[in-house]
Amino acid sequence: MSINTLDILRLNVSIADRQILKDFSLTLPKGQVHAIMGPNGTGKSTLAKALAGHPDYTVTSGQALLDGEELIGQEPDAIARAGLFMAFQYPNEIPGVSIANFIRAALVARQPKGQLSDAKAYYARLYGKMDALKIDRKFTARSVNEGFSGGEKKRCEILQMLMLQPKYAVLDETDSGLDIDALRIVADGVNALRGPGIGIVLITHYQRLLEYIVPDVVHVMYDGRIVRSGGKELALELEARGYEWVKTLATAT
Ligand code: ADP
Ligand code: MG
């Protein structure tokens, strides 16, 4: 256990009595970007949702320690306040709540006294990040994700991350549904945030994203656990050999 890591220790997670994560372990030091790749249905999103405290995902055993603080058993808002940010594969629409108010409320909830003094400074910061992500400023008044295209939803997730400046972020297939220009913009946003103060987990199905956000470590996941870890070249090997190869790794471990 360390105060500068996200330590996931032998996590077992079930959905409706079916075990999905099987003794899943991962140590993510702050300052690093780890990619998790793996075939569909292998439990990548289950990992993300279990960490976020989603009530449908039952953690039967194991730990998730954020800088030493146990996340398992905490409510989603407490997990977020502890410093974990989640960008979901399928972001929810929140009708009636504007992006500007949504992010501001999330920031206010992080203040010890529940207040955020300077509205002007807030909007200046928000607009700066929106400009960087090429999100039209008109979007501030729109309800979160309502009627957004797939790419707009993903950029909105990154906007939230840039504004909240979490200690750790898990991005679940943020590349899916993005054309190449949007992918670059999203990657630039992530790369801008990258640094010694944050650890990032990039969940992705494809190697393409990793050309733009170069990971420190690549993990290959299959059937609820990591079956191989390596450097960024592992992503290329995976792409070349295909996911059938992963199954052989799983039986070998
Ligand atoms: P991945 O993100 O790697 O594609 P998931 O974590 O989404 O995989 O899914 C892992 C397994 O859990 C799949 O078999 C999927 O059908 C099942 N699963 C995921 N979420 C639910 C849910 N809410 N209810 C029932 N089964 C689910
Ligand atoms: Mg998924």
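The tour goes from the metal to a helix, then to the other ligand and finally to some salt bridges.

Before you click, note that this is a predicted model, where local features need pLDDT of at least 70 and side-chain atom pairs count only at pLDDT 80 or more, while totals for chains, interfaces and linings use all residues. Residues are numbered from 1 along each chain as its sequence is written, chains are lettered from A and ligands numbered from 1 in the order in which they are written, and side-chain values use heavy atoms, with hydrogens and water left out.

**Stop 1: the magnesium ion**

Select ligand 2, the magnesium ion: its protein donors are S45, through OG, and Q89, through OE1, at 2.1 to 2.2 Å. Donors here are N, O and S atoms within 2.8 Å of the metal (3.2 Å for Na, K and Ca), and the site may look incomplete because water is not among the atoms. S45 sits in helix α1 (residues 44-52) and Q89 in the loop between β6 (84-87) and β7 (94-98), so the pair ties together parts 44 residues apart in sequence. Helices (H or I, at least four residues) and strands (E, at least two) are DSSP runs, numbered from the N terminus.

Buried means under 20% relative accessible area, exposed means over 50%, and partly exposed is in between (1.4 Å probe, protein chains only).

**Stop 2: helix α1**

Select α1 next. Eight of its nine residues are buried, so the rest of the structure largely encloses this helix. Among the buried ones are K44, T46, L47 and A48.

**Stop 3: ligand 1**

Which residues are around ligand 1? Pick out I15, R18, I20, P39, N40, G41, T42, G43, K44, S45, T46 and Y57; each has a heavy atom within 4 Å of the ligand. By class, that shell has four nonpolar, six polar and two charged residues. Ala, Val, Leu, Ile, Met, Phe, Trp, Tyr, Cys and Pro count as nonpolar, Asp, Glu, Lys and Arg as charged, and the others, Gly among them, as polar. The largest share, three residues, comes from α1.

Zoom in on the ligand's oxygen atoms. One is 2.9 Å from a side-chain N or O atom of R18. For the backbone, look at T42, with an N or O atom 3.2 Å from a ligand oxygen, and at S45, where that distance is 2.8 Å. Taken alone, ligand 1 exposes 560 Å², and the protein buries 65% of that.

**Stop 4: salt bridges**

Salt bridges, meaning a side-chain nitrogen of Lys or Arg within 4 Å of a carboxyl oxygen of Asp or Glu, come to nine here. R10 is in strand β1 (residues 5-15) and D23 in strand β2 (residues 18-29), 13 residues apart. R10 is exposed at 53%, whereas D23 is partly exposed at 36%.

Then jump to E244 and K247, whose closest N and O atoms are 3.1 Å apart. They are three residues apart in helix α9 (residues 243-252), so about one helical turn separates them. E244 is exposed at 55%, while K247 is partly exposed at 37%.

Terms used: A polar contact is a pair of N or O atoms within 3.5 Å; within protein, one must be able to donate a hydrogen and the other to accept it, and residues adjacent in sequence count only if both atoms are side-chain atoms. Accessible areas come from the Shrake-Rupley method with a 1.4 Å probe; for residues, only the protein chains shown count as cover.
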